[in-house]
Number of protein chains: 2
Amino acid sequence: MNCKELMNRAADNIRILSVSMVEKANSGHPGGAMGGADFINVLFSEFLVYDPDQPLWAGRDRFYLDPGHMSPMLYSALTLQGKFTIDDIKNFRQWGSITPGHPERDLMHGIENSSGPLGQGHAYAAGAAVAEKFLEARLSKAMMQHKIYTYISDGGIQEGISSEVGRLAGNLGLNNLIMFYDANDVQLSTACGAVSCEDTAMRYRSWNWNVITIDGNDVQEIRQALTNAINEPERPTLIIGNTIMAKGGIKADGTSYEGSVKTHGAPLGGEAYLNTVKHLGGNPEDAFQIFPEVKKLYDDRKEELRRIVALRHKQEEEWRKQNPELSAQMDEWFSKKAPKIDWSSLEQKRDIPTRNASAACLGILAQQVPNMIVASADLSNSDKTDGFLNKTHSLVKGDFSGAFFQAGVSELAMGCMCIGMMLHGGVISAMGTFFVFSDYMKPAVRMAALMQVAVKFVWSHDAFRVGEDGPTHEPVEQEAQIRLMEKLQNHKGKDSLRVFRPEDSDATTVCWQMAMENMETPTALIFSRQNVKSLPQGNNYDDVRKGAYIVKGSDEKFDVILLANGSEVSTLVDAATLLRKEGYKVRVVSVPSEGLFRRQSKEYQQEVLPSDAKIFGLTAGLPVTLEALVGAQGKVYGLKSFGFSAPFKVLEEKLGFTPDNIFKEVKKYISK
Amino acid sequence: MNCKELMNRAADNIRILSVSMVEKANSGHPGGAMGGADFINVLFSEFLVYDPDQPLWAGRDRFYLDPGHMSPMLYSALTLQGKFTIDDIKNFRQWGSITPGHPERDLMHGIENSSGPLGQGHAYAAGAAVAEKFLEARLSKAMMQHKIYTYISDGGIQEGISSEVGRLAGNLGLNNLIMFYDANDVQLSTACGAVSCEDTAMRYRSWNWNVITIDGNDVQEIRQALTNAINEPERPTLIIGNTIMAKGGIKADGTSYEGSVKTHGAPLGGEAYLNTVKHLGGNPEDAFQIFPEVKKLYDDRKEELRRIVALRHKQEEEWRKQNPELSAQMDEWFSKKAPKIDWSSLEQKRDIPTRNASAACLGILAQQVPNMIVASADLSNSDKTDGFLNKTHSLVKGDFSGAFFQAGVSELAMGCMCIGMMLHGGVISAMGTFFVFSDYMKPAVRMAALMQVAVKFVWSHDAFRVGEDGPTHEPVEQEAQIRLMEKLQNHKGKDSLRVFRPEDSDATTVCWQMAMENMETPTALIFSRQNVKSLPQGNNYDDVRKGAYIVKGSDEKFDVILLANGSEVSTLVDAATLLRKEGYKVRVVSVPSEGLFRRQSKEYQQEVLPSDAKIFGLTAGLPVTLEALVGAQGKVYGLKSFGFSAPFKVLEEKLGFTPDNIFKEVKKYISK
């Protein structure tokens, strides 16, 4: 068997395993996996550099799959690599198996990312490529010389995010990014021609990518393209592989099944399955086999890899010896431990917008967290991520010494790329935009939450007080919406997202501290555009860490509890003053994070919000934002409609968000 | 004053009004408006065809602004057209004014769309262009010969949706779509070079657009480009206008303010403002003036338009005479009245997936609503919009006789284009994808809700019962999330979105009926992937119209109410049977729409859910989805975490969504 025959045999082995696991599960996507088998085989058996004995080696090449439904292809290739067993893939898509329908991040088994929602996977890769260059600039080429591979399909290429990523990767000159586009021209419900006449090569060239078009089922062409890509000095590479959907597939009647839409999302089925396995040189009676010659191919590669990485480890050791401090720092960065930060030099001004207080925190981080990247979707001077930018500079092509990622008006790509940076390891990322545009980021928030990636979302302009920009820019339902992710648990039983809306500048510091300490889940920070009056002197900000607490100046015994988060707390403090003038006793409770509060002891929750208390909530969001906190006898004053365009002081009057009006509303509520 | 001088004078008039309204409001975006003034002036004074006396004329050219922050430019041009008064624009961004910070749809004043979130505006235009061609194919060229203009800026061009729209418009050959790209190379926080080195012309050529690059501040070049665009027979046209941000701006120190990032989002301020007005030939003391010669230019155009549209109206009359039935139909379509539909021939099968029941409804609509377009994001055979497709065919380049819009894997563009079809008028649109991907559509849902556009969202695969595809494809928080829009009111005080999750096949029919009757707000329909057992024979499906009702077979007196929507209702019916065997009396309540239920009389709400009743809720979403319905003493059994990959029957067992387990849970709850 010559080399080419052997490689084709290995690809067919991937095909057989792929269709077999789908057949056994009676569920899944065989067609794409069959088309992509040749590429994945060449990549995994000849190019991808990893340490067979240290799956978490920081210097490994990364592979990010975009079309998660092509998991059979990935699982099969990883089975040839020895990262999955035949039993694992026989359990494809079953309860408790490590081979779920769409891959779920599992580094020990070679799965770098969860995937499913098309387009996000390759954005993680672009983010990882940024991280690699960022780390290279801080450490050395010796430690960071790996490549970032990603695999995209027709669906992903149609998602808008592909253009956001294409533009950004081109602009940053990410020559360490190599993307294979599996152009099989068949998607779930139609052939691609029904929805696109795109010249994809031209599109990527418009962003200055290195574009190579090949027969994606031809070993030699794949090899040449990958070699070309690896040697590209300046640009990201797109390899457009024209592939044949369901390559090697045979129908029940013995005719070819190649190119059929039907093979996209369903098992080949009965006779077609058996015919296909036979045609591919497998044993239909016992298809879950690794052919001996294919086993040898991958075993040989493993030995070769051991030689390759031995050299790399030697280079690494030399660098570590010469750079003991950096070396220790690198280990710290890759440890996933929260960075140590000395916040003592930070003194917040009182009565400022919380976005400005956030800027002050970001200034500290820029100085003390050398592995942090902050991004903004063209709003750094509004979302105040410029607090970070002002102490560093932007990442640009050829120079990754800066730490600010200018994403342009591309919220979703920003979100996914920042996730990708953290998936890569060694980097902590945060990103800013207006809160109302968190809508655009929800798909990324969900994946960060599912994968437990500790990115920080910074959302400013948190309410109708955006003012003149009007309803399109005024979040109303967004806080209730994003807090649903605090209620949704990840697979470790933690709240899948931690959300803070701090009540003043000092509380902002504490929330940023908690965000930086939280390396287990993503964190969202929601900030005001306008000035927020600070809470009374002497307020105990350590209590912010409990998610909810009694604000300084509250009366020991009380007729009513006033409850809010964010800038509404200070409105309540003022309303409380008015109420006290009329003889009422008032407790004010601030709840920067309901999710965190619910994780406190029942006793503490009861102490802060006794179940027999009268509780009045105030929110610039929908009333439902606080309804669970005030309880059945409580009352929430909130915004029930879209906002309006007018100066925010006028809106406060018109919408009733003034201490005077709240004072009246509370009296109405108490007297009921 | 020669023609060119006059045109420049008119453009400067737009500049002066724009900077003046921003200055007066002390808030807004002057720079972009000044750069785009020349284009908007040429378009509005020489090209845009509308009937000065009938703002709602169906044959008018449409203009969709994408960058809503450039509202001063639009308001100024419309003031020259006489659609706004000087007083109106003096009230820019103030409470109750008709000139809010970002434009809000107002056809009587020439505002075709609300805008703000970048990228959506031009997608509406592409949708309108589809509608125009669709209607032309059904009526005649005489009635539908108008053009769809749209205006996009650097921010919009960076949003991923621009590529989704670019691909779709190119593939459909929308030569009636003319897009001006205001390339001023300056965005909010940086110059564009920081985030893009894109060759935008090349990108649009990759989708077969007609691309023309011009000096966007040169009258003659703008004119030629527009003429070229109008005569383009096959392709959409992109006019890339290289413009100068803040053209004509002068700083306080008398030097040029042109090209400065600072002019993007803030008033020019004091001296700079005065210097600029003077430099542009205005009177700094009294800048809100329409120059007499500019008034004459626009008055003359108005007279010319009256001649142009007189001819068009004559053509229309002739066609109407020859096609009285079609003519009546057209009036009906543009009336915004709900279409008359005879549902009597529809007999739903029992015990089928509600997505299949939806397909049956869509079959009726395909036959009876000739002005309806249905779309899918590459999932028609899964989301079952193919119930419509199977009775028509897809829209393709050169042939708009079909009524199915294949959007490819581009959920956001699909959403916005379907909105655009209805903004155009004459068309009703619906669109399908998986419910979990409603996340990608949220920005479009919000704008449809704000603009009160009656699109229909069809979301299938509504819960963890998606099964093997795993957590990335299993909605959990999505129902609670989207129902927040039922709680958010539009500016008419209506629930901004109507949401239905029907409980079986017959209820699906009623929900589709209500969706088609609802021409006031968008409607969302959420359907199951798996079979759903039909409710007991004799169930009164008219009650579905009340949003919640007592299911047939409930006991008159009861120990507990079991409450759910969607497929969980049938689980409760089975659990009720088990409970009755042990002597319990049970009421089962189905709540396909909490929003609609809350709009019923207090008496009815009390009748269905008496406040002293014990209520047990079951939801495949987060428990919070039903918490307001079960009340403080109630209990909700829901899903608290992301889903898992396994066959859905296994998941039902593991997650406890079986009648047996619910029976136990209810007993536990009652016995408390």
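At what angle do helix 2 (residues 30–47) of chain A and helix 11 (residues 292–322) of chain A pack, and how far apart are their axes?

Reply: This is a predicted model, in which local features need pLDDT of at least 70, side-chain atom pairs count only at pLDDT 80 or more, and totals for chains, interfaces and linings use all residues. Residues are numbered from 1 along each chain as its sequence is written, chains are lettered from A and ligands numbered from 1 in the order in which they are written, and side-chain values use heavy atoms, without hydrogens and water.

Helix 2 and helix 11 of chain A pack at about 40 degrees, and their axes are 8 Å apart. Helices here are DSSP runs (H or I, at least four residues), numbered from the N terminus. Axes are lines fitted to C-alpha atoms over the stretch in contact, and angles run from 0 to 180 degrees between N-to-C directions. The angle makes helix 2 of chain A oblique to helix 11 of chain A. Oblique is what remains after roughly parallel (under 35 degrees), roughly antiparallel (over 145) and roughly perpendicular (65 to 115).

Helix 2 of chain A brings Asn41(A), Phe44(A), Ser45(A), Glu46(A) and Phe47(A) to the contact. Helix 11 of chain A answers with Leu297(A), Tyr298(A) and Arg301(A). Contact means heavy atoms within 4.5 Å. These residues divide into four nonpolar, two polar and two charged. Nonpolar covers Ala, Val, Leu, Ile, Met, Phe, Trp, Tyr, Cys and Pro; charged covers Asp, Glu, Lys and Arg; the others, Gly among them, are polar.

The axes of helix 13 (residues 354–368) and helix 19 (residues 505–517) of chain A come within 9 Å and cross at roughly 45 degrees. Helix 13 of chain A is therefore oblique to helix 19 of chain A. Among the contact residues are Cys361(A) and Leu365(A) of helix 13 and Trp512(A) and Met516(A) of helix 19. That contact holds six nonpolar, five polar and no charged residues.

Next, the two chains. Chain A can be laid on chain B by a turn of 180 degrees and a shift of 0.0 Å along the axis, with an RMSD of 0.0 Å. Superposition is by least squares on C-alpha atoms of residues with pLDDT of at least 70 in both copies. That is the relation of a two-fold axis. Of the residues of chain A, Gly160(A) comes closest to the rotation axis, at 1.8 Å (C-alpha).

Glu159(A) sits in the loop between helix 6 (154–158) and helix 7 (161–171) of chain A. Beyond its neighbours within four places in sequence, Glu159(A) contacts Leu118(A), Glu164(B), Val409(B), Ser410(B), Glu411(B) and Tyr440(B).

Methods:
Helices (H or I, at least four residues) and strands (E, at least two) are DSSP runs, numbered from the N terminus.
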